[in-house]
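Here's a quick look at one structure, starting with its charged pairs and then moving on to the core, the rings and the surface. Have the model open while you read.

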Amino acid sequence: MLHHWRGTAFVPGATAADFLRVTQNFSAYPKYFAPQILQAKVLAQQGDRLQDSMRVRQHHLVTVVFDITADIAYGRLDPQRQYSFARSTKISEIDAPGTAKEHALSSGEDHGYLWRLNTYWSFEERDGGLYMQIESVSLTRSVPPGLGWLIGPFVESVPRDSLEFTLRSTCNALHK
């Protein structure tokens, strides 16, 4: 299934520099984006491009933990308008996280909750604050026939809820 969501927010008094300070401070992600982001770190960086690794926990009806590696790039259209995008390069569902039996499930063993994730941010300083827009495109396994009425709404709500959480958490971090 393809999930495509977009959200927009305005943070009075915030600047593009504030946004970059928050979103490029990967070591602070577990604080800014708790309880979803458990760990985050930069693996490599070259100019405005980097590769990061995050451990992410999603809790709805079930709790699922993923290790996600992504390529991220930042760009500037002009002094007031900028953007970034993150494209996952590897997503592994983690079995028994935090235990001695913890291990990444192979693509044949995983549940297909998340196969790919691309996130696009655009942000603009205007009207005494910062307008931010986040767009998320994710790929998951489709709902098995006959179970759509039961788990379809859950599967479809997770990407939307995650995007709302990320936008709200970013706003909160900018307010601090």
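Let's start with Arg160, which makes a salt bridge with Asp161, the closest N and O atoms sitting 3.2 Å apart. Keep in mind that this is a predicted model. Arg160 also meets Glu164 in a salt bridge, at 3.9 Å from N to O. Arg160 and Glu164 are both in helix α3, four residues apart, or about one turn of the helix.

How exposed are these side chains? Arg160 counts as partly exposed, at 29% relative accessibility. Asp161 is partly exposed too, at 24%, and Glu164 is partly exposed with a relative accessible area of 35%.

Searching the whole structure turns up nine salt bridges. One of them joins Glu135 and Arg6. Glu135 belongs to strand β8 and Arg6 to strand β1, so this pair ties together parts that are 129 residues apart in sequence. Elsewhere, a salt-bridge network links Arg55, Asp67 and Glu102. Here are the three pairs with distances:

| Salt bridge | Closest N to O |
|---|---|
| Arg160 – Asp161 | 3.2 Å |
| Glu135 – Arg6 | 3.3 Å |

Now for the inside. The largest nonpolar core has 36 residues, and Phe19, Leu130, Met132 and Leu174 have the most contacts within it. Helix α3 (residues 148-175) gives the most to this core, with six residues. What does Leu174 touch, leaving aside its neighbours within four places in sequence? Its contacts are Val11, Ala14, Asp18, Phe19, Val22, Leu130 and Met132.

On to the rings: the count comes to six aromatic pairs. Phe10 and Tyr131 make a tilted one, 4.6 Å centre to centre with 45 degrees between the planes. Phe10 lies in strand β1 (residues 2-12) and Tyr131 in strand β8, so this pair connects parts that are 121 residues apart in sequence. Phe10 is partly exposed, with a relative accessible area of 31%, and Tyr131 is partly exposed at 26%. Phe26 and Tyr29 have ring centres 4.9 Å apart and planes at 35 degrees, so that pair is tilted as well.

Finally, the surface. Leu2, Trp115 and Leu139 form a nonpolar patch there, with about 290 Å² of accessible area together. Leu139 is in strand β8 (residues 129-139) and is partly exposed, with a relative accessible area of 34%.

How values were computed
Residues are numbered from 1 along each chain as its sequence is written. This is a predicted model: local features need pLDDT of at least 70, side-chain atom pairs count only at pLDDT 80 or more; totals for chains, interfaces and linings use all residues. Side-chain values use heavy atoms; hydrogens and water are left out. Patches are made of residues with over 30% relative accessible area and no salt bridge: like charges are joined within 9 Å, nonpolar side chains (Val, Leu, Ile, Met, Phe, Trp, Tyr) within 5 Å. Accessible areas come from the Shrake-Rupley method with a 1.4 Å probe; for residues, only the protein chains shown count as cover. A salt bridge is a side-chain nitrogen of Lys or Arg within 4 Å of a carboxyl oxygen of Asp or Glu. Helices (H or I, at least four residues) and strands (E, at least two) are DSSP runs, numbered from the N terminus. Buried means under 20% relative accessible area, exposed over 50%, partly exposed in between (1.4 Å probe, protein chains only). A nonpolar core is a set of buried Ala, Val, Leu, Ile, Met, Phe, Trp, Tyr and Cys residues joined through side-chain atoms within 4.5 Å. Contact means heavy atoms within 4.5 Å. Rings of Phe, Tyr and Trp (its six-membered ring) pair if their centres lie within 6.5 Å; planes under 30 degrees apart count as stacked, over 60 as edge-to-face and the rest as tilted.
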